[in-house]
Amino acid sequence: MKYSRLIFANLFRKKARLILTIGSFAVALFLFAFLGVVNDAFGRGAAVVSANRLVITNRTSIINTMPLSYRDQILRIHGVKYVTFDNWFGGVYQDPKNFFPQFVIDPENQRQVFPEFKVPDDQWNAFLKDRQGAIVGASTMQRFGWKIGDRVPIKTTLYGLGDKSWEFNIDGVYHGSKPEDDETQFWLQWDYFEESVPEGIKGQIGWYTLQIDNPDDAPRIAKTIDDMFMNAPDETRTQTESAFAASWVKQFGNIKFLIVTIGTVVFFTLLLVTGNTMAISVRERTPELAVLKAIGFSDRTILGFILGESLVIAIIGCVGLLLAFAAVPVLSRAMAGLLPSLLITPQVIVMGVLAALAVGVAAAILPGFGAMRMRVVDALRRV
Amino acid sequence: MATKLIGGVLITILAIVALLLILIVVGGILAGLLAPFIGSVPISYNFRSIRARWTSTIVAILGIAGTVGVFVAMLSLARGFRATLVASGSPGNALIMRAGSTTEMMGGITLDSVKLVEDKPGVARSVSGQPLVTHEVVGVIPIPLISTGTDANVQVRGVSSNVLDIRKFVKIVQGRMFTPGLDELLVGSNASKTYEGLTVGNTVNFGGGHWKVVGVFDAGGSSFDSEVWCDEAILNEVLKRPANIFQSATIHLTSPAAFQQFKDAITSDPQLNLEVEREVDYYANQSSTMTELITVLGGIVAAIMAIGAIFGALNTMYSAVSERGREIATMRALGFSSWNVILSFLFEAVIISFIAAIIGCLAVLPLNGLTTNTMNFQTFSNLAFAFKITFDLLLMGVVFALVMGVLGGLLPAVRAAVRPVAVSLREL
C-alpha cells in the first residue's frame, strides 16, 4: 500500500487517456449488464413457475377451448388441491399497439392457485362485488397511467360482439411477491364474460391451472387427467407449469441466441480495445520501469504496479454497472409491451464485476511479465 | 408552467447542440474525404503513419468494424423478418376479415358474406368463370421441432382448392395438391425442414385425425413457407369450429388498381361488415411488433457499442497525436498551416474508419440468406425468416463508421494543430 501514491501518479499522467479507458470499460460493462438483463427477460417465463402447478390445455391446439364441466372431474382426482380456469380475452386498449395479456379469471380459486400475486383484501372484496371489475398488474397500471377507480375500455374482436368495447372498472392492483413475477396481467370476472358472450362460447374455457399437494405426483396426475378425457370431444394435454413455460420460451428460437451471441462478440471486442490501450500505456513507459528496476525495485513490485494500475481502472470502470442499474428501469418502460419487464439481478452485477477484474488482470499480465523479464540495460538503451 | 418553460428551453438547447454536432460531423467527413485535394500534407504521410502504428490502428479498426457489423446484422434481421411477411402479400390481392379484426386469428366471416363479396366489381375470375377467392380457416397446432424435439406451434391454414390460382407465387415442388375432402396436408418448404415428420408420404396426428403429407410447396421465402395447408372444411371440423365460418378470405383482383373500386363496393354494402385491406398492407402490419423489438434492441446495442468504439478511436488518435508531437511541430515549423494538419488527421481518421467499415460489412455478409426462426406474436406460431442484407444497409454501415471515425479523430486533430510549435519541439 505504500506504493499507492506512485500508482495514482502514473494513472493520472495522461488524463485524457485515463478518462477514455475508464469510459470504454464502463461502456463494455454497461452493455454486459444490458444483455444479461435482456437474456433474462427472454427466459423469464420458465423461471417464475411453481413446482406444484399443472397446466391443462386443449390437445388439438392451444387456441381451442375446453368445457368448464371438466373441472369437477379433475377436482375428484387424488392429490389435486385447487383448480382454477382462465380464458384469453385478447383485447387491446385504444390502439392495437397497446397489447398486454387479459385473462378472464375464476375469482373463487385465483388467489389459492396463484398465491404469489398479492392483492390487498379490501381491493379484492371490491372486485368480487363488481361484475365489471378488474384487477390489474402494477406495471400495466403504470404503463397506461391508470388509477384505481378508473373505467377503461378494452376492445376485443375474439368473442363475436363486433367492434364494441368492453368497459371495466379498475378495483385493485396486484403486485408480484418476487421482482420477476409478471405484473402485466389484467384480470376480469368470469361471470361478466360468461353472460356477455354468444351462446356457442358459453361454458368454454381456455386452460385450467391446478395446484397439487406434492410435486412428485405431477406425472401421475397429468396422466390420469389426459386418460380421463382421452375420448372426450376435447382431449386434454396436461403439463407441469415449467414444461408449459419452457415450450413458449423455446419458441422465441434463435432471436435470443442471436442477440446474446452478437452481444458477446461486442463485449469482447470492447474489452480487447480497452486491454490494448492499457498495454500501450505500459509499453510507453518501458524506460521508466527500467529505471525503477535499476534503483532496486524487485520484479514482483514492478508487476504489482502494473497490475494495481490496471485493476484501479477496471474497478472504476464498474461505474458502467451502476449506470445500467439506473438505466434499465427507463429502458424497461420504453420497451413495455415488446418484452417482459427488464430486471437487473445481483447475479448480473456480480458477473460484471468479475468480468471487469478478469480483464484488468488479463490486460496487465502480458506487459507486466514483459516488464518483469526485461533486462535493465536493454530497456535503457532503447531510448 | 415553469417546468414547461424549462423543458422548452432545454429542448431548444439540445436541438441546437444536436444541429451543431451534425454540422461538425458532416463537415468533418466531407473535409476528411476531400483532404487529398485541398490539403497540402501529402497523403503518403498518413499511410506511412498508419503502418508505423499498426497495433493501435488495428484495435481502432476492430472496434469500429465490430460496431458496423452489429449494426448491419441487427438491421438485416429486422429487414428479413419484415420482408418475409411482406412477401406473403401479393399487390393484386385483397384480404377481408371481420370488421375490427387486426389479425386473421380473430373473428369470423360467414359463407353468405363471402358469396356477396364474390360478386363485387374487381374480383378476378378463372377461365371457367369461377371467382378467384379462397376462404380460409387458420389455427395453430403443436408439432415437435427437429432442432429441440419439443413442441412448437405451427400455423395450419385451411384453404380453398383453387388457392394456387390466387397465390400465384406458391409452387408445389414435391408431391401433389391435397384432395378436397380428404385428411391430406400440403406443407411449406420451411415447415418441412423445421418440424418432425412433415415430409411427403408421412402421416402426422393432430386434432384426432391422421393426416397424410402429400406435397411440399415453395412460397418464395414468404411466411406461408412456415405453414401447413389443408382443406378448409376438414380443418373447421377438426378445430370444432362452426361450419361455413371463415376467418379471412383472400381475393384475387382483376388488377392492383381495381382495389379501390372493390373496397368501396364492400364498405358501401350495408349487408357487409368487413375489414378490407390490400394483402401486402395486412402482412406488413403483422410484422411491426417483431420488427420494432429487433430494431429497438439492435439500436440500443449498436448505440452503446458506438460510444465504446468512439472512445477506442479517440484513444488511438490521441496516442497518435501525442507520439507524433515533434513530427507535427516540425511540419508546422516547415510552414504547413494548422488547417492542413487538421485536414491531414481527419483524412487519417476517415481512412481508418473506412477500412473498418469494409471489414465490418464483409464480416456480416455471409449472414445474408441465413434462415432462423422465431415466434410471431400476432399468430402465436413459429415463423422462419432469413437475414436480408441489402446495399442500402451496407451503405448505412459505412456512413455510421465514418461518423464514428470523425467523432474520434476531430478533437485529437484540433489538439495537434493548436499546440504551440516551440513547446512541442522542446519536448523529448
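Colleague: What pLDDT does chain A average?

Modeller: This is a predicted model. Chain A averages a pLDDT of 83, and 93% of the residues score at least 70.

Colleague: Where in chain A is confidence lowest, and where is it highest?

Modeller: Lowest in H10(A), with a mean of 72. Highest in strand S6 of chain A, residues 133-137, at 94.

Colleague: OK. What about secondary structure, how many helices and strands in chain A?

Modeller: Chain A has 15 helices and twelve strands.

Colleague: And is chain A a compact globule or more spread out?

Modeller: More spread out. Its radius of gyration is 30 Å, while the globule rule gives 21 Å for 383 residues, so chain A is well over that value. The C-alpha trace spans about 95 × 45 × 35 Å along its principal axes.

Colleague: How is chain A divided into domains?

Modeller: Domain 1 is 4-45 + 253-381, and domain 2 is 60-234. Their C-alpha centres lie 48 Å apart.

Colleague: How many residues are in contact between those two domains of chain A?

Modeller: Six residues of domain 1 of chain A contact nine of domain 2 of chain A. On the domain 1 side, three are nonpolar, two polar and one charged.

Colleague: Switching to chain B. Which domains there?

Modeller: Domain 1 of chain B covers 37-86 + 288-426, and domain 2 covers 100-272. The C-alpha centres of these two are 47 Å apart.

Colleague: How many residues of domain 1 of chain B are in contact with domain 2 of chain B?

Modeller: Eleven, against 14 residues of domain 2 of chain B. Helix H3 (54-86) and strand S14 (381-386) of chain B each supply at least two residues of the domain 1 side. S14(B) gives the most, with five residues. By class, that side has five nonpolar, six polar and no charged residues.

Colleague: Now the chain pair. How many residues of chain A are in contact with chain B?

Modeller: 49 residues of chain A, in contact with 53 residues of chain B. On the chain A side, helices H2 (15-47), H9 (241-251) and H10 (254-284) each supply at least two residues. H10(A) gives the most, with 15 residues. The chain A side divides into 27 nonpolar, 18 polar and four charged residues.

Colleague: Last one. Where is the kink in H13(B)?

Modeller: At Gly409(B), about 30 degrees, shortly before the proline Pro412(B). The end C-alpha atoms of H13(B) are 40 Å apart, which agrees with the 40 Å that its 28 residues should span at 1.5 Å a residue.

Note on methods
Residues are numbered from 1 along each chain as its sequence is written. Chains are lettered from A and ligands numbered from 1 in the order in which they are written. This is a predicted model: local features need pLDDT of at least 70, side-chain atom pairs count only at pLDDT 80 or more; totals for chains, interfaces and linings use all residues. Two residues are in contact if their C-beta atoms, placed from the backbone, lie within 7 Å. Helices (H or I, at least four residues) and strands (E, at least two) are DSSP runs, numbered from the N terminus. Ala, Val, Leu, Ile, Met, Phe, Trp, Tyr, Cys and Pro count as nonpolar, Asp, Glu, Lys and Arg as charged, and the others, Gly among them, as polar. The expected span of a helix is 1.5 Å times one less than its number of residues. The bend at a residue is the angle between axes fitted to the seven residues ending there and the seven starting there. pLDDT is the predictor's confidence in each residue, from 0 to 100. Domain bounds come from an automatic or database domain assignment. The radius of gyration is taken over C-alpha atoms; the globule rule is 2.2 Å times the number of residues to the power 0.38.
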